[in-house]
Amino acid sequence: MSAGSSEEEGWSAESSLIRPYSLTGGRTRPSRSDFSMTSQVVAAPSVDAQEVDPELELILSVCARPVSVAELASRSGFPLGVLRVLLADLLDRGQVMVHTSGWERQRPDAQTLRMVLERIREL
Amino acid sequence: MDPAGQSPVPDTLKIVVAGGFGAGKTTLVSALSEVESLHTEEVMTSESVGVDDLGGVEGKSTTTVALDFGRVTLDASTVVYLFGTPGQRRFAFMWEELAQGALGAVVLADTRRLADSFDVIDFFESRGVPFVVAVNCFDGQRTHRAEDVRVALDVAEGVPVLLCDARERESVKEVVVELVSLVLRLELSGA
Ligand SMILES: Nc1nc2c(ncn2[C@@H]2O[C@H](COP(=O)(O)OP(=O)(O)OP(=O)(O)O)[C@@H](O)[C@H]2O)c(=O)[nH]1
Ligand SMILES: [Mg+2]
């Protein structure tokens, strides 16, 4: 489901914003900061089907396969700030896993950079 | 992260594309992205910026900042993301977030409004983010000399300045290659 399809269902930008804010209890910051824009998020295999809010359900379905936080925002239609709060809750509950590339903390080494150059030239 | 091993989790590289209003950021990102340029938004509140930084949006408690981005898969384990961000100073809170952990940046300069690039150039210089200046030639002809733009923008000797056409994939590839080459030079020189 994409932001586009929610528009087709006739949700106004406003109504789709109000609900997530009430879901986040007015919080604008997540309880933890594990989610950079390019962090990869994937839904944890669910052991027992937990009852989840439809918004969380939507997020879990979009990240059935690893997907970046930015793409998750784009495809779920949630603004980044809201998404991060919801993701932090899902992470606390063990319902998603997150991986942030080591390249966010440290520049890739020369060999990696040469590989990247080669691949870009081949595109 | 995925014990079943069905969906390998790639490592990611982030490149920031910053430029003034209408400089061609969305066009540049789309030219390289394997998916139609993606789009999300950040709700900017007076809390997420210093109230002093609100500049043009004073009196508003929130405003929405559009952020477009593209994805380029290099191989199963390496994905590059390009994020376009507006060059006006009031979006500096987005630059902060995007610069964090970025491989480097492309400053997309519009020859009609070179001064629009001053603020982001200052920002990347101050944060030590490697960047190249790509000069988007809107008049169709490459009549501008990169060296003249370098002088006008007053960027350091080591900063590559090159002409580009954001609509041309090959031209955009050249810009990204220039940026990664710069990062490689920095890495090799131990900087
Ligand atoms: N002639 C010419 N036109 C271009 C070039 N790059 C972009 N354009 C056109 O300029 C217009 C603005 O480009 P965008 O990519 O939307 O610019 P932007 O920086 O994303 O704009 P904002 O997000 O509104 O700040 C579009 O009509 C593009 O087709 C270029 O290299 N040459
Ligand atoms: Mg744009």
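## A tour of the contact between chains B and A

Start with both chains on show: between chain B and chain A, 14 residue pairs are in polar contact, both residues at pLDDT 80 or more (N or O atoms within 3.5 Å; within protein, one able to donate a hydrogen and the other to accept it, and residues adjacent in sequence counting only if both atoms are side-chain atoms). This is a predicted model: local features need pLDDT of at least 70, side-chain atom pairs count only at pLDDT 80 or more, and totals for chains, interfaces and linings use all residues. Residues are numbered from 1 along each chain as its sequence is written, chains are lettered from A in the order in which they are written, and side-chain values use heavy atoms, without hydrogens and water.

Next, select helix 5 of chain B. With twelve residues, helix 5 gives the most to the side of chain B that touches chain A. Helices here are DSSP runs of H or I, at least four residues, and strands are runs of E, at least two, numbered from the N terminus.

Now pick Glu97(B) and Arg84(A). They form a salt bridge, with the closest N and O atoms 2.6 Å apart (a side-chain nitrogen of Lys or Arg within 4 Å of a carboxyl oxygen of Asp or Glu). The two chains share four salt bridges.

Move to helix 4 of chain B, residues 146-153. Its buried residues (under 20% relative accessible area, 1.4 Å probe, protein chains only) are Ala146(B), Val149(B), Arg150(B) and Leu153(B). Look down the axis: they line one face of the helix, because they fall within an arc of 105 degrees, taken from the directions from the helix axis to the C-beta atoms.

Methods
Buried < 20%, exposed > 50% of the residue type's maximum accessible area, 1.4 Å probe, protein only.
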